[in-house]
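Hello,

Here is the structure I promised to pass on to you. Have a look at it first, and then read my notes below.

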Amino acid sequence: MLSPMSLEEQYQQATADELRVLVVGAGIAGVTAAQLLRGDGRHPVLIERAESAPAQGYMLALMPMVDAALDDLAVRDAYRAASVPLKRYAVHGHTGRMLRTDSTVDLMSRYGDYRGIARGRLIDVLAGAGCPVTYDSVVTDVAETSSGVDVRVKSQGAENRMHFDLVVIADGMHSKSRDFVLDGQWVQWVDTGWGGWVVWAPDEGDSDLGEELWGAGGMVAMYPVADALGVFLGGPREDTAAGPAPFVTSMRRGLKTVNPRLNRAMAAVATDPDPYYWSLTDCRAPRWTTGHTVLLGDAAAGFLPTAGVGAGMAMESAWVLSRVLRHAPRIALGELLRAYERGQRPRVEAAQDNSRQLAKVMFRRSRTLAVARELAMRVMSVERALRPIQRLLQHQPDPEALVDAVRGTSLRSNAL
């Protein structure tokens, strides 16, 4: 569980570390990174801008790239207990008719687990028996020097000046801390023009089945977690502006077939008193690292939900970073961070590109294009759609190889 602790107490614990680390953001990436560093005997300071722990959050479908982090944290059993296996994937056409159901067992079992879990439950799993964090804390200034980073943190109304060797910026797609280290470089944004509501619905069976409806001007995604069904329902923002109930009514008019689960999902969105609205955009930072700072998770590359891989890549990146940092300060921090970016950034951006390509297929208003897409779906399985992700799973990252490359470069430089 996340364990509130004062900023002063966290900083005091970190002062004796050979590598003093500040982790900004207690989301999936930040908690994973902080706990992995703690497992290595360090005491990173973890801060979070929210005033308290978040609620359960919404559904995540996690692919096997998370397994290495789970194993290093020794929380694999807790993860399995808090999640459900996703063994099947079904897609409906624009009239609601089922187009196909594919097994994901053959697709994923050769690599590891593919499971559904609520975001809040995942953070609890990652936090383990205790994860110190200081809430209501934001970075107000970052000044990098040759010896580290001077940071100002406003925590619970008080201004604090602190010095760290490394700042890990993991405070989300709309990170404010990121702006301090990019020196005016622009973050690339992709806006699909779509958005929608995320709610919980009761799950009355088929807890191993993820389903999506790809409509003409609308989409519904239904993914189970333990004891609930996570629902996303949306469309072009100009249409969803009418509100959830009117938009659901409009979508229903175009459907000829509505199975019980889809009916429950649409009703949950229409009747929820305060559904969360999600504008479907993503972002890509122009670079991830400086000599003493690194962007992580959505702050480096925020994902569209179309491939269901963003949270998994955030956890994988946190694992690679923590493994690389095991070699600091024996190897210069700047060299390690550059090696991390060289190795991990192409993987993350390949997964992000796959999400963007799927968005172009899924987010369609035209009925003619929707019919053409459904004809293609007769021969295109989920395995084919996620082939780029499969390639990433086939070739897992090797942090030690990244470090060896740094050592090799250093030896060659010394020889010269």
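The radius of gyration used here is taken over C-alpha atoms, and the globule rule is 2.2 Å times the number of residues to the power 0.38. For 416 residues, that rule puts a compact globule near 22 Å; the chain has 22 Å, so the two agree. Its C-alpha trace spans about 70 × 50 × 40 Å along the principal axes.

Before going further, please note that this is a predicted model, where local features need pLDDT of at least 70, side-chain atom pairs count only at pLDDT 80 or more, and totals for chains, interfaces and linings use all residues. Residues are numbered from 1 along each chain as its sequence is written, and side-chain values use heavy atoms, with hydrogens and water left out.

Of the 416 residues, 57% are buried, meaning under 20% relative accessible area with a 1.4 Å probe, protein chains only. Among contacts (heavy atoms within 4.5 Å) with a separation of 6 or more, 76% are between residues 24 or more positions apart.

The chain has 16 helices and 20 strands, which are DSSP runs numbered from the N terminus (helices: H or I, at least four residues; strands: E, at least two).

Best wishes

Terms used
Buried < 20%, exposed > 50% of the residue type's maximum accessible area, 1.4 Å probe, protein only.
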